[in-house]
Amino acid sequence: MKHIFKALGILLALAAGAYFVLYAHQALAGKDLSALLDGKVMLAGASLTLLYASSIITTAIAWTLLLRSMNQQARFGRLLPILATTQFGKYLPGNVAQHIGRIALARGANVQLPAAVFSVAYELLLALVASAHIGALTLLWSPPAALLTWRITEYRLPLLAAVTAFAVAALWLAPRFAVLLGRLRGGQHPEEESGLTRLHLDPTTVVACYALYASSFVMIGAGLWLVAHTLVDPTSQVPGVLFFVGAFASSWILGFVAPGAPAGLGIREALLSAWLSGVMAPVDVVLVVVTLRIATTLGDLLNFALGSVFMLRRPVN
């Protein structure tokens with residue numbers, strides 16, 4: 001069954017990638033791409049790269065809080081380079097190498113195995129909830145032109161309340177779900193198996209980590225808006241920051257959950273293109289999406305280089 005889902009995920013990524021390639025070919029045919037070499041556009045792209053790269057800091061802070069909540073002697077200074085170095089593994093097929101590498105290096109930093117595994121599981125769940133929440137809230141509040149004709153937009157406030165309630169419920173259930181998985185895995189309470197490790201989280205940690213993950217989407221969405229704002233013609237209107245935050249969060253979540261797609265390649269480009277096509281010219285949509293992929297790749301490469309240098313100077317035992 002696992003192989004079937006992986007194969008389906010790869011097919012979905014290929015189909016989405018093909019869609020984006022065709023869309024880009026039609027949009028860029030005969031167009032002048034010199035806009036990418038404009039000084040303002042390059043500066044906006046560099047800002048997007050730095051914003052994306054700096055999101056590793058908020059993720060590392062959240063990981064530190066998760067591990068400390070589970071009675072681990074986690075230090076931000078040791079976890080940050082581990083996270084920065086292993087994130088480049090998401091470009092490998094399967095999209096799981098970064099998690100395996102992080103767990104292995106965390107063990108070398110004196111983090112117990114159950115806590116390391118559960119901390120990654122908590123992070124994935126809370127990040128997915130945060131992205132779904134932000135995507136739903138922002139896109140319902142500032143929907144793309146393609147949704148304005150839908151009757152669902154007439155019920156924004158009830159939908160906002162429903163999405164918020166779902167997010168709160170998911171955050172409350174996250175620790176209990178993790179403990180249940182531990183029980184099913186071994187038939188014994190996981191906290192009894194792991195000694196001093198406490199696998200459930202306190203509410204303060206859950207809320208703090210949720211806010212940190214949400215802030216990452218806001219930073220990258222703001223950088224994406226800056227790129228779009230500098231690319232389009234000054235006489236054209238560009239949606240606000242809120243729209244781009246929601247569009248990025250929505251594309252991120254689909255690219256993340258698609259199995260087998262390295263770093264969401266193809267999936268995120270296709271979905272983001274679909275959202276932006278109703279509010280921007282096709283050529284600008286392609287340039288924004290391509291700039292985002294370049295910025296995220298360069299950001300991950302920058303984090304990998306800095307993290308590797310730090311770990312070589314101060315290796316994890």
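Predicted model: local features only at pLDDT ≥ 70, side-chain atom pairs only at ≥ 80, totals over all residues.
The buried set consists of Arg-78, Leu-79, Pro-81, Ile-82, Leu-83, Ala-84, Thr-85 and Thr-86.

Thr-86 belongs to α3, a helix that runs over residues 76-86. The relative accessible area of Thr-86 is 9%, and because the limit for a buried residue is under 20%, Thr-86 counts as buried. The side chain of Thr-86 has two backbone oxygens within reach. A polar atom of this side chain lies 2.8 Å from the backbone oxygen of Ile-82, and the side chain also reaches the backbone oxygen of Leu-83 at 3.4 Å. Leaving aside residues up to four places away in sequence, Thr-86 touches Gln-98, Gly-101, Arg-102 and Leu-105. Helix α4 spans residues 97-108.

## Overall architecture

The chain holds eleven helices and zero strands. Its pattern along the sequence is accordingly written α-α-α-α-α-α-α-α-α-α-α. Of the 317 residues in the chain, 47% are buried. The accessible surface comes to about 15,700 Å², and carbon and sulfur atoms account for 72% of that area.

When contacts between residues at least 6 apart in sequence are considered, 75% join residues at least 24 apart.

## Packing of α2 against α8

Two packed helices are described by the angle between their axes and the distance between the axes. Helix α2 (residues 39-69) packs with helix α8 (residues 203-231) at an angle of about 175 degrees, and the two axes are 9 Å apart. Since angles over 145 degrees count as roughly antiparallel, α2 and α8 are roughly antiparallel to each other. Sorted by class, the residues in this contact comprise 19 nonpolar, twelve polar and one charged.

## The loop between α2 and α3

Met-70 is located in the loop between α2 and α3. Its relative accessible area is 0%, and Met-70 is therefore buried. Met-70 and Leu-201 are 131 residues apart in sequence, yet their C-alpha atoms are 6.9 Å apart in space.

Asn-71 has its place in the loop between α2 and α3. With 44% relative accessibility, Asn-71 counts as partly exposed, whereas Met-70 is buried. The phi angle of Asn-71 is near 65 degrees, a positive value in a residue other than glycine.

Ser-119 lies in helix α5, which covers residues 113-141. At 0% relative accessibility, Ser-119 counts as buried. A polar contact of 3.0 Å links the side chain of Ser-119 to that of Trp-63. Apart from residues up to four places away in sequence, Ser-119 touches Trp-63, Leu-66, Leu-67 and Met-70. Met-70 is the buried residue of the loop between α2 and α3 described above.

Asn-110 is placed in the loop between α4 and α5. Its phi is near 65 degrees, again a positive value in a residue other than glycine. Asn-110 is exposed, with a relative accessible area of 63%.

## Helix α10

Helix α10 comprises residues 267-276, and eight of its ten residues are buried, so this helix is largely enclosed by the rest of the structure. The buried residues of α10 are Ile-267, Arg-268, Glu-269, Ala-270, Leu-272, Ser-273, Trp-275 and Leu-276. By residue class, Arg and Glu count as charged and Ser as polar, so the buried set of α10 includes charged Arg-268 and Glu-269 and polar Ser-273.

## A position in helix α6

Ala-165 is found in helix α6, which extends over residues 156-186. Its relative accessibility is 45%, and Ala-165 thus counts as partly exposed. Ala-165 and His-133 stand 32 residues apart along the chain, and their C-alpha atoms are separated by 9.8 Å.

Methods:
Residues numbered from 1 in each chain as written. Heavy atoms only, no water. Helix = DSSP H or I, 4+ residues; strand = E, 2+ residues; numbered from the N terminus. Buried < 20%, exposed > 50% of the residue type's maximum accessible area, 1.4 Å probe, protein only. Contact = heavy atoms within 4.5 Å. Areas by Shrake-Rupley, 256 points an atom, 1.4 Å probe, with all protein chains shown as cover. Polar contact = N/O pair within 3.5 Å; in protein donor to acceptor, adjacent residues only side chain to side chain. Axes fitted to C-alpha atoms, helices over the stretch in contact; angles between N-to-C directions. Parallel < 35°, antiparallel > 145°, perpendicular 65-115°, else oblique.
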